[in-house]
Amino acid sequence: MDCRSDEELYQLVQESKVHTIEGKVADYIPALAKADLSSLSVAMAFPDGSCYSAGDIETKSTLQSISKVIALALALLDNGEEYVFQRVGMEPTGDPFNSIIKLETIAPHKPLNPMINAGAIAVSSMIKGDGIEERLGRLIQLTELIIGEEGVGYNEEVAQSELETADLNRSMAYYLKQHSIIEEDVETVIELYTKQCAIELNCTGLAKVGLLLAMDGKHPATGEMILPPRVASICKTFMVTCGMYNASGEFAIRVGVPAKSGVSGGIMASVPQRCGIGIFGPALDDRGNSVAGWDLMEKMSKKYDLSMF
Ligand code: DON
């Protein structure tokens, strides 16, 4: 899919770019702190194969929490809905993505949803395969099928950097293990989860993931069902209710489309039956969402009447 640069999108990006100075890079993962704070780019992918873009859409960034959507899809394919939702809930938390507090205060002690770190760690532990590399490989393969391209990989430097600073995630994994939500070694699931977060795509790749979900799991070019519609529907629903963390309600009001953010500054959005959107803008607001990316989504939603509500 060739992505053509688009003048209208370029104008919107220029307007939103001024907001990058309001944000900060995620420096709790040291390797992410190297990102260019002032950058912002976007791609929109449509079912007819057309794609429009603005900014540097070729540079790859790590998915971080956006990977949680693809991991959830694979865990659902591997285990079925019943198994997954016995171990992870369906409710938004209103807390930051790395908060541990509700794990203890709710009963049973299962993570409230698969988009917070605790829930995503539980989901990663459900990905089947023999060893970390095979399980990660299956996730990468699914990503390649979704975007219809080979050559997806993960950034070892970012993964290593996060592994060295992931003690909060480790503590959640220990908690989950104590309560039999996960069974495997904490270090194994943390390594898998961290490498999964370091899978890299460019903006076009993100837009294509959004597009496949928008098309209910059907590949727009080949007509092949990559994901069952039910799985795509579950993913999109979590994107609406929990995809932008404790800003998901506000995002639903202001933008009105299923979307998932990550601390690398990515936003992957899915406009049902219409298009997929991929954005990278590493300057983050205090809730971990791309500050200029959010503004750009608001502008695009108004201009192209994207809200589904
Ligand atoms: O576990 C972490 O902290 C990161 N690998 C992913 C967090 C993330 O992207 C949250 N996003 N807003």
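Predicted model: local features only at pLDDT ≥ 70, side-chain atom pairs only at ≥ 80, totals over all residues.
Domain 1 is built from two stretches, 4–63 and 201–304, while domain 2 runs through 65–197. The ligand gets residues from both: domain 1 and domain 2 each put at least three into the shell around the ligand.

**Where the domains meet**
- On the domain 1 side, 35 residues make contact with 29 residues of domain 2.
- Four elements of domain 1 each bring at least two residues to that side: the helices α9 (203–214) and α10 (229–242), plus the strands β6 (259–261) and β7 (266–271).
- The top contributor there is α10, with 7 residues.

**Around the ligand**
- The shell holds 13 residues, and those that come nearest to the ligand are Q64, S65, C197, V263 and G288.
- By type, the ligand shell splits into 8 polar, 4 nonpolar and 1 charged.

**The overall fold**
- You'll find 12 helices and 8 strands in the protein.
- The C-alpha trace spans about 55 × 40 × 35 Å along its principal axes.
- A compact globule of 309 residues would have a radius of gyration near 19 Å, so the protein's 18 Å agrees with that.
- Buried residues make up 53% of the 309.
- Counting contacts with a separation of 6 or more, 70% join residues 24 or more positions apart.

Note on methods
Residues numbered from 1 in each chain as written. Rg over C-alpha atoms; globule rule 2.2 N^0.38 Å. Buried ≥ 20, exposed ≤ 12 C-beta atoms within 10 Å, placed from the backbone. Contact = placed C-beta atoms within 7 Å. Near = placed C-beta within 6 Å. Nonpolar A, V, L, I, M, F, W, Y, C, P; charged D, E, K, R; others polar. Domains from an automatic or database assignment.
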